[in-house]
There are 2 protein chains.
Amino acid sequence: MRLAIVQTSPVFGEASANVKAALNLMSSVEADLYVLPELFNTGYNFLDGREAEALSEPMDGPTFVSLAEFAREYGRYVVYGFAERGPNLYNSAALVGPSGLVGRYRKVHLFDRENLVFAPGDLGFPVFDTPVGRIGMMICFDWMYPESARTLALKGTQIIAHPANLVMPHCPDALVTRCLENRVFAATANRVGREDRGGHDLRFIGDSEVVSPRGEILVRLGDSDAGVAVSEIEPALSDDKRINDHNDLLRGRRTDCYEL
Amino acid sequence: MRLAIVQTSPVFGEASANVKAALNLMSSVEADLYVLPELFNTGYNFLDGREAEALSEPMDGPTFVSLAEFAREYGRYVVYGFAERGPNLYNSAALVGPSGLVGRYRKVHLFDRENLVFAPGDLGFPVFDTPVGRIGMMICFDWMYPESARTLALKGTQIIAHPANLVMPHCPDALVTRCLENRVFAATANRVGREDRGGHDLRFIGDSEVVSPRGEILVRLGDSDAGVAVSEIEPALSDDKRINDHNDLLRGRRTDCYEL
């Protein structure tokens, strides 16, 4: 199974051009699953909820239509982040495949000023069984909470698709820990570039990567340029939770000792 | 508050000499809390439960007596790992202070052949309030389970004392994630050296370290020599869980979305 991370450099507010740029990158490689960044179509640094609302789309909006067409035409799967206009405004990710929408996720742990713009996710951490693997999603800051990846692993996730707009430096290394402690694959698709708006100057760190259940960094992109990379992976490796003859990672959990 | 990590190179089965060597290292620096490795007095690579039983000590055995004397004489606190002869045989850690035993912890997640030798810990993850900070303990492989450090953090731990006998390479970097995701200090005291016994050849990786709530590695020792290092820390920094104006780390947990 070929897993692609797509690292973009979106222009704020230019959804149509940003989607086109992403599709160009995607078309340059062959993969079974493409992971795009958080809010890849709109950009990130909204002045307020009203601006985000204006740039948001319903689940079946033009961004979905473009990516679903790519997925259908080439028989691929795509995970991408977007501002979802639903019952509330959500920082969402969607998984689309050859037959259309497979499922969506709404960011559970909102970061910083996102709390002023979006409603917190209300769908938990769903997992979707597809022909290319059991896929779960988390978005950017969700990495900080070990419960995100753990919950996905407990539900049988083989590949964590992780759209991101990282501005802090820690996640690329922490993702290694997330994969080790859950024995899953994870793919962070981060963006690069800068958005200096309304007195908030944000630089995005790139470093998109794919990490294996053994904590190996299979590929990591740079910190300044858009790009795409493909890793050949075997999702079933995530089903083997044995660490040695005497330790099974998940069966060895001691829930009697944990505080939730 | 001065936090010392003591990295030892014990000789298997020579408890008296190993305790003396550790005390020599400890006496070479001034600190308020000294953290020693897992099973620092006996060594690690037991052939079987009978050998471990023979080398084990009750809580108030000679190792405790020596360290409690050090703690009383100099007004210090010490965390150390030892094979505890109790209702069962445990891979334990004890916290001793100027007035004697403060509390103990029994390793919850046993690693590899330890499962043949020790009973799993039955005391949960207790936290002890002392004049030098609120101290919790985890032992070696407990690091692999994010629930260990999380449980300690939820119970108010400021400093995780982490006696270890690490043979895998991942923990020193993963500890940075543990500190970031919980905003606590952590001190891994690991050992160096090699134990080739009964067909099991183990090399211990050293790299003892102190990490801050911001994920800074305040000090890290080497991978081959015994040694000691002291970090000046402010335990109260662990009480500040604010990440920014809109995120409080622990209050931001979404237990409604987590699987235990």
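## How chains A and B meet

Across the interface of chain A and chain B there are 25 residue pairs in polar contact, both residues at pLDDT 80 or more. A polar contact here is a pair of N or O atoms within 3.5 Å; within protein, one must be able to donate a hydrogen and the other to accept it, and residues adjacent in sequence count only if both atoms are side-chain atoms. By class, the side of chain A that touches chain B holds 19 nonpolar, 12 polar and 12 charged residues. For that tally, Ala, Val, Leu, Ile, Met, Phe, Trp, Tyr, Cys and Pro count as nonpolar, Asp, Glu, Lys and Arg as charged, and the others, Gly among them, as polar.

A quick word on the ground rules. This is a predicted model, where local features need pLDDT of at least 70, side-chain atom pairs count only at pLDDT 80 or more, and totals for chains, interfaces and linings use all residues. Residues are numbered from 1 along each chain as its sequence is written, chains are lettered from A in the order in which they are written, and side-chain values use heavy atoms, with hydrogens and water left out.

Back to the interface: 43 residues of chain A are in contact with 43 residues of chain B, contact meaning heavy atoms within 4.5 Å. About 3,900 Å² is buried between the two chains, and carbon and sulfur atoms give 59% of that. Buried area is the accessible area (1.4 Å probe) that two parts lose on being put together, summed over both. In chain A, the residues that lose the most area to chain B are A:His246, A:Glu259 and A:Leu260, together 17% of what that side buries.

How do the copies line up? A rotation of 180° with 0.0 Å of shift along its axis puts chain A on chain B, with an RMSD of 0.0 Å. That's the relation of a two-fold axis. The superposition is by least squares on the C-alpha atoms of residues with pLDDT of at least 70 in both copies. Since 100% of the interface residues of chain A are also interface residues in chain B, the copies meet through the same surface.

Now for the charges. The whole structure has 42 salt bridges over all chains, and 6 are counted between chain A and chain B. A salt bridge is a side-chain nitrogen of Lys or Arg within 4 Å of a carboxyl oxygen of Asp or Glu. Here are some of them:

| Salt bridge | N to O distance |
|---|---|
| A:Arg150 and B:Glu147 | 2.7 Å |
| B:Glu147 and A:Arg253 | 2.9 Å |
| A:Glu114 and A:Lys107 | 2.9 Å |
| A:Arg191 and A:Glu195 | 2.5 Å |

A:Arg150 and B:Glu147 are both buried, as are A:Glu114 and A:Lys107. Buried means under 20% relative accessible area, exposed over 50%, and partly exposed in between (1.4 Å probe, protein chains only). A:Arg191 is buried at 1%, and A:Glu195 is buried at 4%.

One residue worth a look is B:His109, in the loop between β5 (100-106) and α4 (114-117) of chain B. Helices (H or I, at least four residues) and strands (E, at least two) are DSSP runs, numbered from the N terminus. B:His109 counts as buried because its relative accessibility is 2%. Its side chain makes a 2.6 Å polar contact with that of A:Tyr258 and a 2.7 Å one with that of B:Asp142. Leaving out residues up to four places away in sequence, B:His109 also touches others, including A:Gly252, A:Arg254 and B:Phe125.
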